[in-house]
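The tour below goes from one selection to the next.

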Amino acid sequence: MKSVSSQPRRVRKRMIHNAPLNVKALQLVAPLSEELRKEHNLKRLRVRKGDTVLVVRGSFRGHEGRVVKVDVKKVRIYIEGVTKVRSDGKEVFAPIHPSKVVITKLDLSDNRRAQILERKRMKVRVSG
């Protein structure tokens with residue numbers, strides 16, 4: 001019988017650091033704003049490049065901007081206007097965990113994104 005550790009450090013290693021990319025991609029979800037919740041009847045959605053988000057936790061709290069990059073491997077997003085200065089003086093985007101932001105505007109330029117929203121909406125109606 002294989003025993004599974006409950007030590008926090010080993011759980012983190014198992015769930016975060018060694019997780020495959022398809023599992024990490026599922027962690028790239030952020031809650032929707034109140035207006036989007038009412039409009040799409042969903043609580044959270046995966047963050048994509050082009051979405052507008054508002055940072056609600058951390059030192060960048062209150063910043064709103066477009067997502068310029070999504071890093072699936074590190075489970076972080078990069079937002080316009082949220083930068084830090086490196087030791088060599090270069091400004092770089094600061095990585096933000098998606099759970100620390102709220103999606104305020106969705107990028108619906110991709111037809112597949114609209115299909116995903118419709119599919120999720122139907123799934124919620126059937127189950128709820």
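Is Asp-51 buried or exposed? Asp-51 is buried, because its relative accessible area is 0%; buried means under 20% relative accessible area, exposed over 50%, and partly exposed in between, with a 1.4 Å probe and protein chains only.

Before going on, note that this is a predicted model, in which local features need pLDDT of at least 70 and side-chain atom pairs count only at pLDDT 80 or more, while totals for chains, interfaces and linings use all residues. Residues are numbered from 1 along each chain as its sequence is written, and side-chain values use heavy atoms, with hydrogens and water left out.

**Stop 1: Asp-51 and Arg-113**

A salt bridge here is a side-chain nitrogen of Lys or Arg within 4 Å of a carboxyl oxygen of Asp or Glu. Arg-113 is in helix 4 and Asp-51 in the loop between strand 2 and strand 3, 62 residues apart. Helices (H or I, at least four residues) and strands (E, at least two) are DSSP runs, numbered from the N terminus. Arg-113 also counts as buried, because its relative accessibility is 3%. Now show the backbone of Arg-46: its oxygen lies 3.2 Å from a polar atom of the Arg-113 side chain.

**Stop 2: Arg-48 and Asp-110**

Select Arg-48 and Asp-110 for another salt bridge, where the closest N and O atoms are 2.9 Å apart. Arg-48 sits in the loop between strand 2 (44–46) and strand 3, and Asp-110 in the loop between strand 7 and helix 4. Both ends are partly exposed: Arg-48 has a relative accessible area of 29%, and Asp-110 is at 31%.

**Stop 3**

Switch to a cartoon view. Five strands form an open sheet in the order 6-5-4-3-7, with antiparallel pairing; two strands pair if DSSP finds at least two bridges between them. Strand 6 and strand 7 are at the edges with a single partner each, so one side of each has no neighbour in the sheet. Strands of a sheet pair through backbone hydrogen bonds, either parallel or antiparallel.

Next, select strand 3 and strand 4 (residues 64–71), which pair over three bridges. Here Val-53 stands opposite Gly-65 in strand 4. Then pick Glu-80 in strand 5 and Arg-66 in strand 4. They form a salt bridge with the closest N and O atoms 2.9 Å apart.

**Stop 3: the nonpolar core**

Which residues touch the most other members of the largest nonpolar core? Select Ile-77, Ile-79, Val-101 and Ile-103, out of 21 residues in that core. A nonpolar core is a set of buried Ala, Val, Leu, Ile, Met, Phe, Trp, Tyr and Cys residues joined through side-chain atoms within 4.5 Å. Strand 5 gives the largest share, three residues. In soluble globular proteins, nonpolar side chains tend to be buried together.

**Stop 5**

Select Val-124 in helix 4 (residues 111–127). Val-124 touches Asn-41 and Leu-42, not counting residues up to four places away in sequence. Finish with Glu-35 in helix 3 (residues 34–40). Glu-35 counts as exposed, because its relative accessibility is 57%.

Terms used. Contact = heavy atoms within 4.5 Å. Polar contact = N/O pair within 3.5 Å; in protein donor to acceptor, adjacent residues only side chain to side chain.
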